[in-house]
Structures are given as C-alpha cells and as structure tokens.
Amino acid sequence: MIIKTKHSMQKMSQRGMHKDLLDIVLILGTLRNDKVILNKKICDKVLKKLDKQNKKVKRKKNRLHISRLTDYRNTILKIRDKGGVTLVVMGDVLITLYNTDIKLKRKRRGRARRKYIL
C-alpha cells in the first residue's frame, strides 16, 4: 500500500487522476531512480494484449470479466491520452505525480556558431 501526501492528493485532483489510475501505473510502470513511469509505448503494448484477451473472453460471454476488462482498458486509454504518467515515490510514500508527455528535443550537431565582435 502506498501512502499519499497532502501535496500528492492536491495534484491528483488538479490533474484529473484517481486511485485506479495510480494502481495501474504502479503495476505496469518502469522504475527509474525514484520515479515510476508509464509512457505511451507501454500503454500501446498493454492495449494490444487487452484486445486479444477481450476477444477470448467475449466468446465465453462472461459479463463480469468483460466489464472489468473494459474499465481497465478505459483507464489505460486515459493514461495514454495524457501522454503517460510519472509518479515520484520515495519508499512507500507518493510525493507527486505528473503527466509525462516527453517531447524529444533534437540535439545540435556540430559546433555552436560564435559571433565575433569587431
């Protein structure tokens, strides 16, 4: 179980995140230093697996299982629409959380141009 700080509770409400979303990020996310990151790429992989599993379950016509899978899928789609979610965790304490949405910047190649003053 994770302990939420007052700050993290405020940020959850500001950024439209709920407990189910946090649980999914903690389960599926990758750990880097003190951060748990769930990005678009991982969400896409999970969605493909869920779609395959959903087809199998629909054949068996288990309504409870189908509804749980659709709820799970909808939560992952929310994460994907946000561009991913990052949780900053220290031990069992959730410090803050934010949308990942990392845009890769192109590195400059070659030397920087120098301006000479005459």
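In the predicted model, isoleucine 37 has a relative accessibility of 11% and therefore counts as buried, the cut-off being under 20%. Isoleucine 37 lies in strand E3. When neighbours within four places in sequence are set aside, the contacts of isoleucine 37 are Gly29, Thr30, Arg32, Ile42, Val85, Thr86 and Thr100. Between isoleucine 37 and leucine 97 there are 60 residues of sequence separation, while the C-alpha to C-alpha distance is 9.8 Å.

Strand E3 covers residues 35-38 and runs antiparallel to strand E2 (residues 30-32), to which three bridges join it. Within this pair, lysine 35 of E3 is the residue opposite arginine 32. The hairpin formed by E2 and E3 has two residues between the strands, and asparagine 33 adopts a positive phi near 55° there. E3 is also paired with strand E4 (residues 85-90), again in antiparallel orientation, through four bridges. In this second pairing, valine 36 stands opposite leucine 87 of E4. In a regular strand, side chains alternate between the two faces of the sheet.

The largest nonpolar core comprises 22 residues. Val25, Ile76, Ile79, Val85, Leu87 and Leu97 have the most contacts inside this core. At least two core residues are supplied by each of helix H2 (19-28), E3, helix H3 (40-60), helix H4 (63-81), E4 and strand E5 (93-99). H3 provides the largest share, with five residues.

Leucine 97, one of the core residues with the most contacts, touches Ser8, Lys11, Met12, Arg15, Met17, Leu22, Thr86 and Leu87, neighbours within four places in sequence being left aside.

Apart from neighbours within four places in sequence, the residues in contact with lysine 11 are Thr96 and Leu97.

Technical notes:
Residues are numbered from 1 along each chain as its sequence is written. This is a predicted model: local features need pLDDT of at least 70, side-chain atom pairs count only at pLDDT 80 or more; totals for chains, interfaces and linings use all residues. Side-chain values use heavy atoms; hydrogens and water are left out. Contact means heavy atoms within 4.5 Å. Two strands pair if DSSP finds at least two bridges between them. A nonpolar core is a set of buried Ala, Val, Leu, Ile, Met, Phe, Trp, Tyr and Cys residues joined through side-chain atoms within 4.5 Å. Buried means under 20% relative accessible area, exposed over 50%, partly exposed in between (1.4 Å probe, protein chains only).
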